Every structure is written in structure tokens, then in C-alpha cells.
Amino acid sequence: MGLAHLMVFRLPGRLVRLAKIARTLVAYDAFEAFGLADLTPTGGRIATALRRRDLPERPGQRLALALTELGPGFVKLGQVLSTRADLVGEAVAADLTDLQDRLAPFPFERARETVERELGRKLDELFSAFDETAVAAASIAQVHFATTTDGREVAVKILRPGVETAFARDVDLLAWIARLIERFVPKVRRLKPTAVVETLAQTVRFEMDLRLEAAAAEELAANFTDDPEFRVPAVDWTRTARRVLTTERVAGIPIDERDALIAAGHDPQEIVAKAARAFFRQVFRDGFFHADMHPGNMFVAEDGTLLAVDFGIMGRIDRPTRIVLADMLAGFLNQDYRKVAEVHFRAGFVPATQDVGAFAQAARAIAQPILGLPLEKISLARLLAQLFEVTEQFQMETQPQLLLLQKSMLVCEGVGRALDPGINMWALARPLIEEWMLANRGPMARLTHGSEALLERLEELPALVTNLDRAAAQVAGGGVRLHPDTLRAFGTDRQPARWPWIAAGAAGAAFLWLLFR
Ligand SMILES: Nc1ncnc2c1ncn2[C@@H]1O[C@H](COP(=O)(O)OP(=O)(O)O)[C@@H](O)[C@H]1O
Ligand SMILES: [Mg+2]
């Protein structure tokens, strides 16, 4: 059968699902998250009729709700978008980091079948006890506690039966939508939909082989063997296969439960300091970091050691990029924007056709409002996110690994804030950071005295710009050549915006049926 036939068979189903997606995005008023707020009069009327009451205020929060309703594939898409501050903007990306991937567990019998098929032995030959109730269930896998026949307490993570086909269907649909968008909705092309879907497909593929997760756990454990502050559960390879991962069971208090931690005699500030050090060591010392460090995956053991689980998403940063990143952050903290710009150009991050001075100006515009905040409010993750938005305008492709790093920093800062809102976690890691810089970049790269002064100065700087859009508009006004897509995104070109849901409208009867049935 030819390709054309396949298309004809798939099309009706796809159109119906497309209509459902459009309807859900409208109901949650979520198009704004993609920078699409202007509707035609007809579109506006339909949207008002469909919109739910009591929606949260921020577009990113509304998008998160819509994606949750659309199901696991879309929740994963949201998680991928949460690492694309360069595309969707810092605020929307931050709201998407809260997306919870939780589902009802699949039955114990399916879990047993999977374990027995994958490991080729009966469950009771492998485990002397096996909790039938899952401790946690997500879209890709669930976890059961068990005891091995040789008496070790373990956690057994098992892939959801049929998960490959379920995700393949969503990924396939999203890839089709991405291609439609790239062809018909120029305004959204800037969001690089096909590239985003490709990242989604890759992430999911990786997470669906638990041997890879086991390998990641072991590599991370090896990097921290001599470190009393951070620990990773050991892998039981004899009870691990593509669909089953068995690790040593660890026990601790979830890292964001401040009151419970204090009651157990831990000092929240010390925990934040440890978390900051563990993060810094992973990123800069090893170039291999846990990229899903939300509170559900981080615990504090009785002796105060930090414990991490869940190694499905890891980031890698090669050494040259780490050095560039360090120089860039040092440039920011020293408020040497020329240096920040030069680092980008020297690393080839920004095409040489762009203007160094204009880039430095844009860097200053985003950094000053952030660095002017009181120390405990300064977020390096926000700074990076805004920087990535700027670099996007200078036609630079931000490296996916750096985007993953930025999101991880954001999550880490969130944990820090939950534990002690009055401190800056990176300031706690400062001695370590300086030591690393000294060893790797030499004395010239030391944070200057000025940066110290900066970090101590409170709220002196006027709020030059309140958001990036204005900053970028100023840069554009200053005669910098911006990418046409970017200009369109800022609304500086006056072409009438095409109704963004035209693609959804193409679903015709299916759409109307769904809208008004
Ligand atoms: N080795 C372990 N020891 C103790 N609890 C674990 C272990 N591994 C996982 N868990 C528990 O199971 C939950 C889900 O496991 P996780 O690997 O994070 O799966 P998911 O990828 O679905 O988030 C964790 O949040 C944790 O509570
Ligand atoms: Mg988890």
C-alpha cells in the first residue's frame, strides 16, 4: 500500500485529535503561552464561549493544565518545553517545570508478568517479598518495594505495559502537527516545533530503556564514591533488564519538607548548601548531572547525606562548554558585559556577523534588573534563561544541554527557596566555585571585588526594563538587525496576523461536531 493510502486512513483520526487539542487549548486559554493572543472577532467569540471559569492567571499555568488534560504524551511535551526558555520564554518555561507526571498504577499481575518475562525467572525466585501496591506510578513506569531472595531491600521500577505504542501515537501526532505548523503558521515557526518534537521523541526513547537509567545511576554513583554529602542507590544488575530496574532501597525525608527536616534535627541551610555543592560538582567537575532534581527525586538521609533517585533524564556538558559557561557567569557577576559578549562570540555561539557591542548591550539589559535584586532573590537560572532568549534573537541555537542545565538550576533554586527563602544557594557554594575557577581558569578569572560589592548592594539599580520584550524592542529600536521571525514575534511588523487556529479550523466538520455536540 502506498504512502498516500496510509495518509488517507490516518487523516480523519488525526483531524479529530487535532480538533480536541485545539478545543482544550482554547478552553484553558492557553494559546497565549505561545505568544498567540490576538484573535479574529469570530475566533474571539468562540474562545469566550468555550473558556473555563476560574483559570489561573499566568499563561504558562493555563498551558500546564491543558497539557495535563491532554494526557501523558503532552505532559512530556510540556516537560520538554520547560527546558526551552529560549523558545517559549522564561516565564512559561518556569511554569511548565511544575508539571506532574502521575497516573493510576497498572495492576500487580502486569508487573509480575513483566518482571518474569524480562528476567526469565519466577518472581519468588528473585524476591522473597514484593509489595503489590506501587509506591509511585507515572506515565512511563511505576515503582514497587521488594526484598531480594538474598535479603536486600530494593526498589523495583517497571515499565508500563504498552507504553511504547502509547507514546509512539502521541509523538507521531505531534510530529504531524509540527509539520503543519511549520508550513501554515509562520508566527509559530520561531518555536521550532519539529525540533521540539524530535527532542521529545529522544527523551522518551531514552527513558524507555531502564538499562540506560541503571548505567546513568552507576556513573553518577562512581563520580561521588568519596563524597559523604551526596549518594546514589546501587544498581542490582542481576535484577535489571530493559523493562525492569532494581536498585538498593534508600530512605529519607523528601528534600522540600522543611518542617519534617527540622524535626529530624537537620539544618535547612546546611542542606541547601550541600545541594548547591552537589549540583556544582556534577555540572562543573564531572560534566554529568541529574537533570530531574525535583523534590520527588531528592531525599535527606538520617545522617544528612543527600540521596537522589530517578536517572531517566541526565545532562552532559563537555569540558570546553563548561569553561565557556564559567567565563560567562563570571562575566555577569562582575558586570562585565563586554566580556559576556566576547565569550559568546569566541565560543562560536553567536555568528560573527552579529555585533559584539549590541550583544553586550542586550546582556546588560537583561542582567542589571536581576543582579540589582537583593542577594537572596538573585536567580542565576533566570539570568541564564533570559540570556538564552537574547541569544535566540542573535540567531544563535542554544545547545540543548545548556537548556537542560538551566531548567535544572531553576528546579534546584526552587528547592532551595522552599528550604530557606532568605538565602541564595549559589552564594553558599561560592568557596567551591572560586576554588574551581582558580584551578581551571587561573587567577585572572577570579570573581573581582566588584562582584562582591554587587551582591551586597541592595536594590540600588533602577528597574531599567521590566521584561525582555521591552529590552528586545529597545535593542531593535537601536538599529540592531533582528531576525524577521523575531520581529514578527514582537509585533513590530504590521502584517495582519493570520488567525493562528486556521489549521484547527481545517478540521471542519470534526471540529464543529466537537465544539457543539
Ligand atoms: N531506590 C529507591 N529507594 C527508595 N525509593 C525509591 C527508589 N527509587 C524510587 N523510589 C520511589 O519511587 C518514586 C518514583 O521513582 P522514580 O525513579 O522517580 O520514577 P519516575 O521516573 O516515575 O518519577 C520516587 O519518587 C521514590 O519515592
Ligand atoms: Mg521521579
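Which residues form one aromatic cluster? Phe108, Phe127 and Phe130 do; rings of Phe, Tyr and Trp (its six-membered ring) pair if their centres lie within 6.5 Å. The structure holds 10 aromatic pairs.

This is a predicted model, in which local features need pLDDT of at least 70 and side-chain atom pairs count only at pLDDT 80 or more, while totals for chains, interfaces and linings use all residues. Residues are numbered from 1 along each chain as its sequence is written, chains are lettered from A and ligands numbered from 1 in the order in which they are written, and side-chain values use heavy atoms, with hydrogens and water left out.

The protein chain has 26 helices and 11 strands, taken as DSSP runs (helices H or I, at least four residues; strands E, at least two) and numbered from the N terminus. Of its 517 residues, 53% count as buried, meaning under 20% relative accessible area with a 1.4 Å probe, protein chains only. For contacts (heavy atoms within 4.5 Å) between residues at least 6 apart in sequence, 69% join residues at least 24 apart.

Strand 6 (residues 244–248) contains Thr246. Because 4 of its 5 residues are buried, strand 6 is largely enclosed by the rest of the structure. Thr246 itself is buried, at a relative accessible area of 0%. Neighbours within four places in sequence aside, the contacts of Thr246 include Phe127, Val154, Ala155, Val156 and Arg239. Strand 4 (residues 153–159) pairs with strand 6 in the antiparallel sense over 5 bridges; two strands pair if DSSP finds at least two bridges between them. Within this pairing, Ala155 stands opposite Thr247 of strand 6.

Two of the residues in contact with Thr246, Phe127 and Arg239, also meet each other: Arg239 lies over the face of Phe127, 5.8 Å from the ring centre. A charge sits over a ring if NZ of Lys or CZ of Arg is within 6 Å of the ring centre and within 35 degrees of the ring normal. Elsewhere, the charged end of Arg285 sits over the ring of Phe224, at 4.8 Å from its centre.

The magnesium ion (ligand 2) has Asn297 (OD1) and Asp310 (OD) as its protein donors, lying 2.2 Å from it. Asn297 is in the loop between strand 8 (288–290) and strand 9 (298–300), and Asp310 in the loop between strand 10 (306–308) and strand 11 (314–316), so the pair ties together parts 13 residues apart in sequence. Donors are N, O and S atoms within 2.8 Å of the metal (3.2 Å for Na, K and Ca); water is not among the atoms, so sites may look incomplete. Asn297 is buried, with a relative accessible area of 5%.

Definitions and conventions: Buried means under 20% relative accessible area, exposed over 50%, partly exposed in between (1.4 Å probe, protein chains only). Rings of Phe, Tyr and Trp (its six-membered ring) pair if their centres lie within 6.5 Å; planes under 30 degrees apart count as stacked, over 60 as edge-to-face and the rest as tilted.
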